[in-house]
Amino acid sequence: MKKVLVLWDDQYHPYQAIEEALAKALPASEWDVTATTDPADLDRLPADLDLLVFFSNRKPAHMPEGEWRAEGIQLQWLRRIEEGGVGALLIHAGLTGYPDRSIVHTRIARGRFIRHPEHCMTSFIPATDKKDHPVLEGVDAFYGDDEHYMCAVDTAGVEPLAYATSEHGTSIAAWTHQAGKGRVVCACPGHFKAIFNKPQMIRLMNNMARYAARGWQE
């Protein structure tokens with residue numbers, strides 16, 4: 001049983017869009033999932049935590065914006081990943097909102113959200129040379145109405161896994177890297193409930209979690 005802490009829910013990304021798909025991706029028979037809407041819970045990470053999942057960058061209501069973005073909080077997450085082997089997933093809005101050159105973007109995600117056009121039909125396409133990667137096992141290309149996230153990614157410091165295409169172009173949509181003892185996996189799809197509930201997205205999230213969670217790493 002792997003212990004997971006999930007941060008979700010914000011003004012533009014309600015948890016109700018995610019909860020059904022997450023329950024299928026991380027079934028209770030294998031995953032002990034605690035989901036929170038309060039980022040203050042991330043100040044006291046459990047000692048036995050195996051996986052940290054960001055669906056949101058929501059800040060605590062009691063904390064000024066600048067303090068929530070402070071390096072001290074981000075350093076705590078980084079140490080648990082690099083030194084403790086805790087895995088980290090950053091999905092859709094989990095990639096947004098931190099300052100340029102922040103620890104989250106330069107050390108944890110090694111990429112950051114730049115912009116997205118109005119929601120449109122967007123394809124998630126596994127890289128042809130990465131179809132055998134554990135994160136993409138059993139994941140075929142899928143297509144739907146979504147926000148096409150355009151991200152600036154340190155492609156020299158990560159392993160690109162998949163791409164997004166739409167009428168607005170092509171961009172990297174999933175990537176991974178080793179961060180000390182921990183693994184980090186990032187994925188851009190996931191604005192609408194219909195995208196989260198696609199079987200391929202559920203399989204992708206399950207693969208991401210198995211690949212990154214402490215103790216399941218090869």
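**Loops, cavities and ring pairs**

Arg110 is partly exposed, with a relative accessible area of 22%; the classes used here are buried for under 20% relative accessible area, exposed for over 50%, and partly exposed in between, with a 1.4 Å probe and protein chains only. This is a predicted model, in which local features need pLDDT of at least 70 and side-chain atom pairs count only at pLDDT 80 or more, while totals for chains, interfaces and linings use all residues. Residues are numbered from 1 along each chain as its sequence is written, and side-chain values use heavy atoms, with hydrogens and water left out.

Arg110 is found in the loop between H4 and E5. Helices (H or I, at least four residues) and strands (E, at least two) are DSSP runs, numbered from the N terminus. The phi of Arg110 is near 55 degrees, a positive value in a residue other than glycine. His92 also has a positive phi, of about 50 degrees, and is not a glycine. His92 sits in the loop between strand E4 (87-91) and H4. With a relative accessible area of 1%, His92 is buried.

Ala109 is placed in the loop between H4 and strand E5 (111-115). Its relative accessibility is 0%, so Ala109 counts as buried. What is Ala109 in contact with, leaving aside its neighbours within four places in sequence? The partners are Leu90, Leu95, Val104, Trp175, His177, Val184 and Cys186, where contact means heavy atoms within 4.5 Å. One of these partners, Leu95, is 14 residues from Ala109 in sequence and 7.5 Å from it in space, C-alpha to C-alpha.

The backbone oxygen of Leu95 lies 3.3 Å from a polar atom of the side chain of His105. A polar contact is defined as a pair of N or O atoms within 3.5 Å; within protein, one must be able to donate a hydrogen and the other to accept it, and residues adjacent in sequence count only if both atoms are side-chain atoms. His105 is buried because its relative accessible area is 5%.

A search of the whole structure finds three cavities of 30 Å³ or more. On a 1 Å grid over the protein atoms alone, a cavity is a set of points where a 1.4 Å probe fits but cannot get out, and lining residues have an atom within 4 Å of a point. Grid points are joined across faces, edges and corners, and a volume is the space filled by probe spheres set on the points.

The largest cavity has a volume of about 100 Å³. Its lining has 15 residues, of which Thr122, Asp146, Glu147, Ala164 and Pro189 lie nearest its centre. Strand E6 (120-126), strand E7 (142-146) and strand E10 (169-179) each supply at least two residues of this lining. By class, the lining of the largest cavity has eight nonpolar, five polar and two charged residues; Ala, Val, Leu, Ile, Met, Phe, Trp, Tyr, Cys and Pro count as nonpolar, Asp, Glu, Lys and Arg as charged, and the others, Gly among them, as polar.

The second largest cavity has a volume of about 50 Å³. His92, described above for its positive phi, is one of its lining residues, which also include His13, Phe55, Ile91, His191 and Phe196. This lining has seven nonpolar, four polar and no charged residues.

Aromatic rings come next. Rings of Phe, Tyr and Trp (its six-membered ring) pair if their centres lie within 6.5 Å; planes under 30 degrees apart count as stacked, over 60 as edge-to-face and the rest as tilted. By this rule the count comes to five aromatic pairs. Trp8 and Tyr15 form a tilted pair, 5.5 Å centre to centre with 35 degrees between the planes. Trp8 is buried at 10% relative accessibility, whereas Tyr15 is partly exposed at 29%. Phe54 and Trp77 form another tilted pair, 5.1 Å centre to centre with 55 degrees between the planes. This pair links distant parts of the chain, with Phe54 in strand E3 (residues 51-54) and Trp77 in helix H3 (residues 71-82), 23 residues apart. Both Phe54 and Trp77 are buried.

Trp8 is also among the residues that Thr36 touches. Thr36 lies in strand E2 (residues 31-36) and is buried, with a relative accessible area of 5%.

Definitions and conventions
1 Å grid on protein atoms, 1.4 Å probe; cavity = no way out; pocket = protein on both sides within 12 Å on 5 of 7 lines; lining within 4 Å.
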